[in-house]
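Subject: Structure handover

Hello,

Here is the structure you are taking over. My notes come after it.

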Amino acid sequence: MALDGNVIGGLLLEIFGSDMTSARATCAVCGTVSPVAETTVYIRGPGTVVRCRRCGSVLMVVARIRELNCVDLSGVAALETTRADE
Amino acid sequence: MATSPVSRGFHRLSRPAGADAAKLPPGQHTTTDFPVLSAGPTPRTPLQEWTFSIRHGGKTLRSWTWPQFQDLPAETVTVDIHCVTRWSKLGTVWRGVPVRLLLDQVEHDAPYVLAFSDGGYTTNLPIKDVSVGGAWLAFDYEGQPLAPEHGGPARLLVPHLYFWKSAKWVRGLELLDHDQAGFWESYGYNNYGDPWREQRYAGD
Amino acid sequence: MAGTAVRGRLSWQVATVAAVSDETDSVRTILLDLPDWPGHRAGQHLDVRLTAEDGYSAERSYSIASADGEPVAITVERLEDGEVSPYLTQELRPGDQMEVRGPIGNWFTWGPDDGGPLLLIAGGSGVVPLRAILRHRQRAGSNAPARLLYSSRSLADVIYRQELDQYRGSAEVRYTLTRSQPPGWGGFSGRVDDAMLARIAWAASQRPLAFICGPTPFVETVAELLVARHYPASRVKTERFGGA
């Protein structure tokens, strides 16, 4: 079942230490820039697969390997987040 | 770090293994449903466009259309399947063409194969794991044509390995001279995936 | 960015069930006692983790049903083959504990600074975060105009019906019933389509902010319809719910 980046908000909070759902990701294949919340996400498999909604390429894969979160971000050419409030 | 509090009355969905325990690989539990797990959208290739190919070095050695594939001798098998996410289903019934019959139609001495599917999924296997026995190109599940969400029209069925090796929506086998990691293998999963030796992750 | 993004706490907190209340035959609202809750924006969700006696644990995400300042609540729909929702909607009782992480999600959120007019479109249990938006809007005394179009199988399946009906005058709430309608039903029937939106959606020229929440096919159909009505994609926020 295809969901969106909202559902991995908690996982990304764990990985990045802050909320990433509003972070803008640039697809390394088609160049589309979109908030992580709007990416297509597949969960509950051997890993979580995040795909570009425009071209379907894999942006990110998170696999929980033993006690680690193994994160492959090679499909993301750039990531922008707003700076934290102080 | 404090341990998590127990949520009173919560337990996993599946029935405890009980009498089936002896048939389960380590760390697995049985399930009565058939979870749908995927890494991407469900492809919908029309049967008149479907082909299964065996390729090597950029060349297609042999290819079957759906009618040609349906003409091949198929067998009905009952097997246990084991997913790396820890669910197992015992006694599942499939109908498929042994992969051995397909590989016998080409001359090859490649030691490895990479199964490739619609949507871009791949998984690698030593050729012996599909060419001798124990591997099918399956098109029926429990007496019905294989549903798209479970890999239809045809998927690989290799029950002696973790189920991610049983590639859904499979369209062919690439014969490889050198082993090459497929999708999950390149994201940290075991290159071989024997559930009986609990080979889930790279390095197991 | 308008409004204050609430920093979600990384760590799991222990939550104690304070009360449970059935909304429909298959939907229950759970009020949680979370002493260290940092506050939240309407539209955010929290993650729940349940641990069994044998150490098995399962995690799920649920939209926060309450507005900031109210006791934290989630509303859960029971999915027949689910592993967690049958437990939460049938077994769980006051005093039980779970772990919670959050609040999560800075994209699908609304605060009064974001303005309006607001178009909220809910499919089934997708109404939960949109109800939180309406509650927050009311508590904050915002005068951003708001309309909710809520698609449900039948009137009996409508969650928060009495509460939503009370917005008459301060927000426009319309239901569309897709499977069965009561005798004499004067509201919409059938799936959300362009003709229905023509009657309830703000004109694009009013620069509305849309929030769509529900099952994936519902969200995608409605989002496409709004974009076809010239809503800029950047002002159509979506949240897809899936079964588990």
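The model is predicted, so local features need pLDDT of at least 70 and side-chain atom pairs count only at pLDDT 80 or more, while totals for chains, interfaces and linings use all residues. Residues are numbered from 1 along each chain as its sequence is written, and chains are lettered from A and ligands numbered from 1 in the order in which they are written.

Chain C

Chain C has 5 helices and 12 strands; these are DSSP runs numbered from the N terminus, with helices being H or I of at least four residues and strands E of at least two. Its radius of gyration is 18 Å, close to the 18 Å that the globule rule gives for 244 residues, so chain C is as compact as a globular protein of that length. The radius is taken over C-alpha atoms, and the rule is 2.2 Å times the number of residues to the power 0.38. Along its principal axes, the C-alpha trace of chain C spans about 55 × 45 × 30 Å.

Of the 244 residues in chain C, 47% are buried, meaning that 20 or more other C-beta atoms, placed from the backbone, lie within 10 Å of the residue's own. Among contacts in chain C between residues at least 6 apart in sequence, 71% join residues at least 24 apart. Contact here requires C-beta atoms, placed from the backbone, within 7 Å.

Sheet in chain A

In chain A, 3 strands form an open antiparallel sheet in the order E3-E2-E8; strands pair if DSSP finds at least two bridges between them. Strand E3 (33-35) and strand E8 (76-80) of chain A are at the edges with a single partner strand each, so one side of each has no neighbour in the sheet. Strand E2 (residues 24-27) of chain A is joined to E3(A) by 3 bridges, and A:Ala25 stands opposite A:Ser34 in E3(A).

Chains A and B

The contact between these chains takes 15 residues from chain A and 13 residues from chain B.

Regards

Conventions. Two residues are in contact if their C-beta atoms, placed from the backbone, lie within 7 Å. A residue is buried if 20 or more other C-beta atoms lie within 10 Å of its own, exposed if 12 or fewer, and partly exposed in between; C-beta atoms are placed from the backbone.
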